[in-house]
Amino acid sequence: MQMRSFGQSIKRKEDPAFLTGKGRYVDDIELPNMAHAAFVRSPLAHAKIKSIDASAARAMDGVIAVITYHELPETLRQRRLPLVVPVESLTNPRLPYTLARDEVCYVGEAIAIVVAENRYIAEDAVAQVMVDLEPLGVVADCRAGLLEGAPRSHLGADSNIAATMPSVTGDIDAAFSNARHVFKESIFQHRGGAFFMECRGAIAHYDQFSENLLVYVSSQGVHRIKRSFHELFDIQDSKLRIVTPDVGGGFGPKGSYYVEYGAVAAASMATGRPVKWIEDRRENFVATHQERDQYWDVEIAVDENAKILGVRGTLTHDNGAYTPWGIVLPWISVATVPGPYVIPAYDMTLISVITNKVPTTPVRGAGRPQAVFVMERLLERVAKELGLDPAEVRRRNFIKPEQMPYDVGVIFRDGRPVVYDSGDYPKCQEVALEAINYEAFAERQKAALSEGRYIGIGIGNAVEATGLGPYEGVTVRIGTNGNITAYTGATPQGQAHKTTLAQIVADHFGVSIDAVTVETGDTSNISFGIGTFASRTAVNAGSSAHLAGQAVATKVREIAAQLLEVEPDDIELTDGVARVKGPSNRFKTLRELAVYSLGKPGFSLAPGMTPGLENTAYFTPTQSSYANGTSVAEVEVDVETGRVHINRLVMSHDCGRVINPMVVDGQVVGGVAHGVGNALFERMVHDDQAQPLSTNFGEYMLPLAADVPRVEIHHQETASPNNPLGVKGAGEGGTIPTIVAIVNAVANALAPLGVHIAEAPLSPQRIIQLIDEAKARSVA
Amino acid sequence: MKPSPFTYHAPTTTAELTELLGTLDDVRIIAGGQSLMPMMNFRFVQPGHLIDLNTVGGLAYVDVQRDFIEIGASTRQRFLQRSQDIAKHMPIVGEALSHVGHRQTRARGTIGGSLCHFDPSAELVNMAALHDAVLTLTSVDGDRSISFGEFGLGFLTTSVQPNEFLRSVRLARWPEGHGYGFEEFAMRHGDFAICAVSCLMTLDDRGAIDRLAVAVSGVSETPVRLTEMEGRLRGTMPDAGTATDLAAAAGDIEAMSDAYITSDYRSHLARVITRRAFTKATERADQRVRA
């Protein structure tokens, strides 16, 4: 009998294809008569378009079309891109046209699309499109954009502020006026982008006879892309299909609809040919959404026992030039600061500033790493000032398991109060500390210091809203060949949905996951979908897979019971058959039952029976499920060069019930790698005119294999009460607490030198500067 | 990210090669292509003609002579790294090569390509400076040999003429048992060095410095030999004080700055790395050896 799959470290169904070069990505798709596109992009961060002369480009051999704003279909000339998440406090939304009309607002903004016989010619022709730009004032920094007399990032704007939003709970004035201690920090954080291996890409195939538009796109959710096409083009639902094949990384930014997709579709309509556009790496640096700068001015009030009384301050966020996701990203930041701690009063004002840079939208962690950084640095400050062990300060402030569910008092970006559903935060930290032998670290540090070596240890604790709604659907169907297929709108980018969802479905039928096929990324498979982001698929699609699988299994039992003349409860499903329990060996195969369920031509179905072994479930969570984790890093800093070496990294992680431990490990390790990059390497550098300087991987530094330590993972499993599986999201937990754990460790290592750190990332050069500044202070 | 149009040539002999170089304009020679191909794909470089050195025979070899090792320009970095001759007679070259890109890029990259690209932080350019390289350039008019000082003119610029190609490089040998140290600081392993310092040393019977060579690269537009200190430190004991003097000289080199690295940090690293390279060379120097 087949063993239960849920909870097992089953090897990923996806990997044989990926490991043998049989993955199929957008760029692997070749359609007959396909043309290739390249974009003319703005070389300036802010400018007025005076004229565009494409005549020389159009005259080139092999060039099929050059399309500017003026040649777009009428609806695209009328409509700007849709706003995904409109909210009241977003008073100054900014959305682009598919191709820039009269103004460009960041370097890389698309001005024209060139369609040619191949990409080489398309790029040759891009250089021949003459765009006359009149430079305008540039907002290159979000704080500078707030200054009196600052240039406006968009022509005619009254202000550079996209939104101002307070998040308030408790009596903040009382908390601060009665506090024994108040500590203040000004913290700067920079996060880079996603930089997936496979850049973005799309193929549009408009059939002029059927008027069908088929778009292949590397995305994190086909249905939302379809919805954007609907909003921009007047195309009937039946004539629009979006397909996402294998995806080589998404990390958030591939969840957006981008101007290039509509432009490629318009190009296919105009030329009558399928048109392919594959983003190259330079474009990836100037045209794919990123995260970037946040400036936090914060203070914490504590009593004589280091118990937190309140936290307040301001977050100034660099939104970039447009607001496709509104203020989702900084809102998540503001709502995540409280973390696993009891904070009786909280008052954080978010100011999101429109700058002349690439739009910022969530990247793995989605503003949470910055929030956790702020809270954990404040606690380090408290520990230092009060002479307490940093772990002990956290212990005194943890929300206890018996306080669950715990209402934090602030509103999350889903419009619901932040109410933690479950979790054991003190234990999560203890497990990590024990694993790294925290108690003995002070001795190790002392011994190292006596040899002139600077080692340090750092803790990061995070609580993460996962499994955000509204829903994700799954249809489970048994074909007349007996095969079980699950169709979903969740669109994987490496998360192993085809394995984990199969595990959930397989258990209902007593089969191995090999008997269950999971189909993703095609709007023709299932009516509605939201997509894979925000660590939401296990909760949403996982629960739907469970409910749909359960419903189909129930129907299988009912039909089998009827045919075998027993009660449904007497039927067990195992190894692809519905069998009467006990020794009789009477059974019907799934194939027989699927055929029976469809009825016979001309005959009526039995009364009350619906056709087919099929069910669709759209699970809707009542609220987010809150995962949590503790990251503890031990580092050594070379105080002569500023180099940081991560000696150990322990992660204690609670994502509820684990569907597949090996898959979760992979998610956590990948997330930690991302955190290492954000802590020590990744920086998107611009000049003072917002010209991006880091546009290749020589200048924008991702961590290499040797820079990422072995991650020691300890799973905690606190089941979420918010969904039938008890699961929580796992895709971002590795990143969120790791950045600050590493920076706290560096700060701890350099404490003997009097170094104070309030920023990330930390480059070796910056560490030497900080050491020099500390030396200068101690002399002065 | 596709290159602009160019005409590809694949000569099989040096005669064909020099003939092409003598008649074509707007030419780039491609060897390993590890720098040139990205530059072409970025369209930073848009040559009308690309001549492939890989099809020309006889340009990949390591030839050990009494006073020097001659290396053919097409010799792959990976080959040099695994060469027993290099390991035996010029071990610092192997150490430097471990910092050149990654195994995959070293399998394609050549010594000649690296030298002709003349990136100021390139390890093989540093090795040429350290070993008083003599470079042989060939054209239809024949060969000419020039010193490293005459070869490297500045940032990504050499004195190779449009009708010439680099045929080979001779690196001066040091006595068996010499001390050597190569230290580098890059953001990640395999990145361009922010600072790399190489040091060769022989000691006399007393353990004092008999001969010293130090090359600092990444700090300014060409590698810098600390010639004055090399002479001045002859006869002194290689101790902490000597290391500090040498480090100070490295720190005095006028340092470049860019959007990522300040000149202050480069100078700081030059001091730190120089001291480390010198210390390592000292530890390895066999006192019985006299130059």
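Visitor: Where is Arg368(A) found in this predicted model?

Guide: Arg368(A) belongs to helix 10 of chain A.

Visitor: Is Arg368(A) buried or exposed?

Guide: The general idea is a cut-off: a residue is called buried when its relative accessible area is under 20%. Arg368(A) has a relative accessibility of 1%, and therefore counts as buried.

Visitor: Which residues is Arg368(A) in contact with, leaving aside its neighbours within four places in sequence?

Guide: The contacts of Arg368(A) are Ile332(A), Thr336(A), Phe412(A), Glu464(A), Ala465(A), Glu732(A) and Ile736(A), once those sequence neighbours are left aside.

Visitor: Let us turn to the helix itself. At what angle do the axes of helix 10 and helix 18 of chain A cross?

Guide: Helix 10 spans residues 368-386 and helix 18 spans residues 738-750; their axes cross at roughly 30° and come within 9 Å.

Visitor: How is such an angle read, as roughly parallel or roughly antiparallel?

Guide: Angles under 35 degrees count as roughly parallel. Helix 10 of chain A and helix 18 of chain A are therefore roughly parallel to each other. The crossing of these two helices is right-handed.

Visitor: Which residues meet where helix 10 and helix 18 of chain A are in contact?

Guide: On the side of helix 10 of chain A they are Pro369(A), Val372(A), Phe373(A), Glu376(A), Arg377(A) and Glu380(A). These meet Ile739(A), Val740(A), Val743(A), Asn744(A) and Ala747(A) of helix 18 of chain A. By class, this contact has seven nonpolar, one polar and three charged residues.

Visitor: Now to a loop. Where does Glu211(A) lie, and is Glu211(A) buried or partly exposed?

Guide: Glu211(A) is in the loop between strand 9 (201-207) and strand 10 (212-217) of chain A. Because its relative accessibility is 44%, Glu211(A) counts as partly exposed.

Visitor: Which residues does Glu211(A) touch, not counting those up to four places away in sequence?

Guide: Glu211(A) touches Tyr206(A) and Lys239(A) on that count. Glu211(A) and Lys239(A) are 28 residues apart along the chain, while their C-alpha atoms are separated by 6.8 Å.

Visitor: Which domain does the UniProt annotation give for residues 20-137 of chain A?

Guide: The unreviewed UniProt entry annotates this span as "domain: Aldehyde oxidase/xanthine dehydrogenase a/b hammerhead". In the model, residues 20-137 of chain A are 14% helix and 30% strand, with end C-alpha atoms 51 Å apart.

Visitor: What does UniProt record for residues 1-176 of chain B?

Guide: An unreviewed entry carries the annotation "domain: FAD-binding PCMH-type" for residues 1-176 of chain B. Over that span the chain is 34% helix and 25% strand, and the end C-alpha atoms lie 48 Å apart.

Technical notes
Residues numbered from 1 in each chain as written. Chains lettered and ligands numbered in written order. Predicted model: local features only at pLDDT ≥ 70, side-chain atom pairs only at ≥ 80, totals over all residues. Heavy atoms only, no water. Axes fitted to C-alpha atoms, helices over the stretch in contact; angles between N-to-C directions. Helix = DSSP H or I, 4+ residues; strand = E, 2+ residues; numbered from the N terminus. Parallel < 35°, antiparallel > 145°, perpendicular 65-115°, else oblique. Left-handed = near helix turned anticlockwise from the far one by under 90°. Contact = heavy atoms within 4.5 Å. Nonpolar A, V, L, I, M, F, W, Y, C, P; charged D, E, K, R; others polar. UniProt positions renumbered as here; feature names shortened; annotations may be inferred. Buried < 20%, exposed > 50% of the residue type's maximum accessible area, 1.4 Å probe, protein only.
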